[in-house]
Amino acid sequence: MRKTYIDNIRWITVVIVVIYHVIYMFNGVITSGVIGPFTEVQYQDAFQYFVYPWFMLLLFVISGMSARFYLNGHSDREFLKSRTIKLLVPSTIGLFVFWWILGYYNMAIVGAFENMSAVPGPILFLIMAVSGTGTLWYIQLLWVFSMLLLIIRKVEKDRLYGQCEKANLHVLLCLTPVIWGASRILNTPVIVVYRFGIYGVGFFLGYFIFSHDAVMERLEKWWLPLLLAALGLGISFVLVFWGEPYAEHQVLDTLLCNAYAWIATLAVLSVMKKWGNFENPLSRFMGKKAWGLYLFHYLPLSACAWYLHLYTSLPPLAMYLLVGAAAFAGALILYEIIRRIPVLRWCVCGIGGRK
């Protein structure tokens, strides 16, 4: 049975991801791989600090919850097949079929082609394909965690899962040091988004703890204190680390960052459990399109930002609005087109079966 508040968390978080990437493209904090800032001081960059610590952790938590909900009605074999088609195929085969286009723009933005004139065409294409990974890192990690889950299920046989139903708010708060510790391990040194430790812990906590209705009902009662605590920690994080390169592990590994990430995750879950069980035309539409919006938004965003940067001198507000519109509209249009094309719907969108 689908849980409406989980669907709403997912699409709202994806919208936040898109807005984050629009601001990120012109940010003045991490200037490698993006167009870069308009001015020396950009107060809109504070949005990045406010959402970066928690929004992907939240997505992994609800992905773990969704894995449990799916497995309640499907076999392990069906889970393996569905996750491989939806997650692994687009982030591997799809790179060479479609996502190399994103790789082209990623490389153009950083000026990579200027020093690659002597590189043979096949090698250049391979580099573009790998560079097109972009936001697909999330589904790559999700596939790895899903496969590990199948192994763990064979061993624990729901014994641990049953015990986790007893978790209350005190237990959840005591997991803060676990989140901090996980943030310090299994991090890739160059591509910092591959944070196997903290995101893996988030996924498995979602599966073992937050998929229990009893846990969520207890958490729901604390929505207001958790929300206020998250806001306070978020403001503190922004003030302490303003101007620091938050994507570097020395910032991400701090106790403040991870305490904020975890409390914010708990806050969103509790608030949405309390108030997020709503449906309207917008939520139903976005719930159906969230997958496509996540997959495709960064390609039109990057292309639009690159061409506007090359051929115009528009003011910052116009740039943000146009790039944002391109990200949302372009993603939805690309998704609607590609999901209707045989073969492409499978290798690019991860959609199995017939149209």
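This is a predicted model: local features need pLDDT of at least 70, side-chain atom pairs count only at pLDDT 80 or more; totals for chains, interfaces and linings use all residues.
The crossing of α1 with α17 is right-handed, that is, the near helix is turned clockwise from the far one by less than a right angle. On the α1 side the contact (heavy atoms within 4.5 Å) involves Val18, His21, Val22, Tyr24 and Met25, and on the α17 side Tyr298, Leu301, Ser302 and Ala305. Of these residues, seven are nonpolar, two are polar and none is charged, with Ala, Val, Leu, Ile, Met, Phe, Trp, Tyr, Cys and Pro counted as nonpolar, Asp, Glu, Lys and Arg as charged, and the others, Gly among them, as polar.

Most residues other than glycine have a negative phi. Aspartate 158, in the loop between α7 (137-156) and α8 (159-164), has a positive phi near 70 degrees, and is partly exposed at a relative accessible area of 34% (buried means under 20%, exposed over 50%, partly exposed in between, with a 1.4 Å probe and protein chains only). Leucine 186 lies in the loop between α10 (176-182) and α11 (196-210); its phi is also positive, at about 60 degrees, and leucine 186 is exposed, with a relative accessible area of 59%.

Helices are DSSP runs (H or I, at least four residues), numbered from the N terminus. Residues are numbered from 1 along each chain as its sequence is written. Local features need pLDDT of at least 70, side-chain atom pairs count only at pLDDT 80 or more, and totals for chains, interfaces and linings use all residues, while side-chain values use heavy atoms, leaving out hydrogens and water.

Note on methods:
Helices (H or I, at least four residues) and strands (E, at least two) are DSSP runs, numbered from the N terminus.
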